[in-house]
Amino acid sequence: MPTMGALHAGHGRLIETARRENACVVVSLFVNPIQFDRSDDYDRYPRPISNDVEFCSRMGVDFVFAPSIEEMYPRPQRAFVEVTEVSERLCGQFRPGHFRGVATVVLKLLNIVQPDRAYFGEKDAQQLAVIRRMTADLNVPVTIVEVPTLRESDGLALSSRNQLLSPEERRIAPVLSRALEKARDLISTGETRADGIKHESLRVLNEHPEIRVEYLEIVGPEDMQLVDEITGPVRVAGAIWIGKIRLIDNILCVPGAGG
Ligand code: AMP
């Protein structure tokens, strides 16, 4: 289970799932510099290593792999994994090089640990799609397992970045999941035009002028390409800025499911 540490109950879900399904569970803790597009985000990323190790041992993890930068990148990295198309939209559009960094470090971690299964959260749905496509296209002998997003009671998806929000920002943050739920409700009651659905979701977000919307899009669940007319399952994904903190979230929506 690759993680960047600052473990919370969302990571805990992944660990529990892996614990049930495997004889041996390995968690990696590594804040991967080559996937950060902003140095302030990299510098500010929390690194509570001893808490993380304790969290892992409480949850019955067998091994924690917490390499140093020098261990992972002993010389300048010259080989990179690029997953075209899947990584272009959404976060890929706003964080240049991010998914190249993610795919590269995940392949390195898979090669080091050689797991039968690797666990990823639906919370980072584009990352999951990129990893699935990478392992399929490069014949990596691993099964990718998806784990549903764990949320706070007000809907906010658990994230290591939530702890960087001020109390006022934290109060506003659930607006992102509310906007996604709005889209899900419209899709489940038969609305098929992506434009109209996006418009309604953006209205929810715009109730809070303090936030800045980076993107809100409706995409195919596997190729992460924009969808105009909804005829099957889609993923509605958004990224917002609250102050200096960027939050992402997404939900799978199935047409007619609740109509
Ligand atoms: P990170 O440490 O942010 O790189 O996340 C490590 C793994 O935990 C990724 O596969 C994430 O998708 C997953 N994850 C993060 N937050 C959550 C959450 N709230 N629910 C489920 N999985 C999560």
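Helices here are DSSP runs of H or I with at least four residues, strands are runs of E with at least two, and both are numbered from the N terminus.

## What you're looking at

This is a predicted model, so residues are numbered from 1 along each chain as its sequence is written, local features need pLDDT of at least 70, side-chain atom pairs count only at pLDDT 80 or more, and totals for chains, interfaces and linings use all residues. Side-chain values use heavy atoms, with hydrogens and water left out.

## The ligand and its shell

Let's start with the ligand. Around it sit 17 residues, and Met4, Gly121, Asp124, Leu150 and Leu158 come nearest (a residue counts as near if one of its heavy atoms lies within 4 Å of the molecule). Strand 1 (2-3), helix 1 (9-21) and strand 4 (117-121) each put at least two residues into this shell. Helix 1 gives the most, with three residues.

Now the polar contacts, meaning pairs of N or O atoms within 3.5 Å; within protein, one atom must be able to donate a hydrogen and the other to accept it, and residues adjacent in sequence count only if both atoms are side-chain atoms. The side chain of histidine 11 has an N or O atom 2.9 Å from an oxygen atom of the ligand. Glycine 121 uses its backbone: an N or O atom there lies 2.9 Å from a ligand oxygen. Leucine 158 has a polar backbone atom 2.8 Å from a nitrogen atom of the ligand. On its own the ligand has 480 Å² of accessible area, and the protein covers 93% of that (areas come from the Shrake-Rupley method with a 1.4 Å probe, and for residues only the protein chains shown count as cover).

The space taken by the ligand is the largest cavity. A cavity is a set of points, on a 1 Å grid over the protein atoms alone, where a 1.4 Å probe fits but cannot get out. A molecule sits in one if more than half of its atoms lie within 2 Å of its grid points.

## Alanine 173 and histidine 208

Next, a pair of loop residues. Alanine 173 is in the loop between helix 8 (167-172) and helix 9, while histidine 208 is in the loop between helix 10 (194-206) and strand 6 (211-219). They are 35 residues apart along the chain, and their C-alpha atoms are separated by 9.8 Å.

Alanine 173 has 1% relative accessibility, so it counts as buried; the cut-offs are under 20% relative accessible area for buried, over 50% for exposed and in between for partly exposed, with a 1.4 Å probe and protein chains only. Histidine 208 is buried too, because its relative accessible area is 16%. Leaving out neighbours within four places in sequence, alanine 173 is in contact (heavy atoms within 4.5 Å) with Leu156, Leu165, Ile242 and Leu247. On the same terms, histidine 208 is in contact with Ile172, Val175 and Arg178.

Arginine 184 lies in helix 9 and is partly exposed at 35% relative accessibility. Setting aside residues within four places in sequence, arginine 184 is in contact with Ile251, Leu252 and Cys253. Serine 201 is 17 residues away from arginine 184 in sequence and 9.5 Å away in space, C-alpha to C-alpha.

Glutamate 191 lies in the loop between helix 9 (175-188) and helix 10, and its relative accessible area of 27% makes it partly exposed. Its side chain reaches the backbone nitrogen of arginine 193 at 3.3 Å. Not counting residues up to four places away in sequence, glutamate 191 touches Leu186 and Ile197. Lysine 198 lies in helix 10 and is partly exposed at 21%; beyond neighbours within four places, lysine 198 is in contact with Leu216, Glu217 and Ile218.

## Two positive phi angles

Finally, some backbone geometry. Leucine 90 isn't a glycine, yet it has a positive phi of about 50°. Leucine 90 is found in the loop between helix 4 (69-72) and helix 5 (91-94) and is buried at 4% relative accessible area.

Methionine 224, also not a glycine, has a positive phi of about 60°. Its place is in the loop between strand 6 and strand 7 (234-242), and methionine 224 is buried, with a relative accessible area of 1%.

Terms used
1 Å grid on protein atoms, 1.4 Å probe; cavity = no way out; pocket = protein on both sides within 12 Å on 5 of 7 lines; lining within 4 Å.
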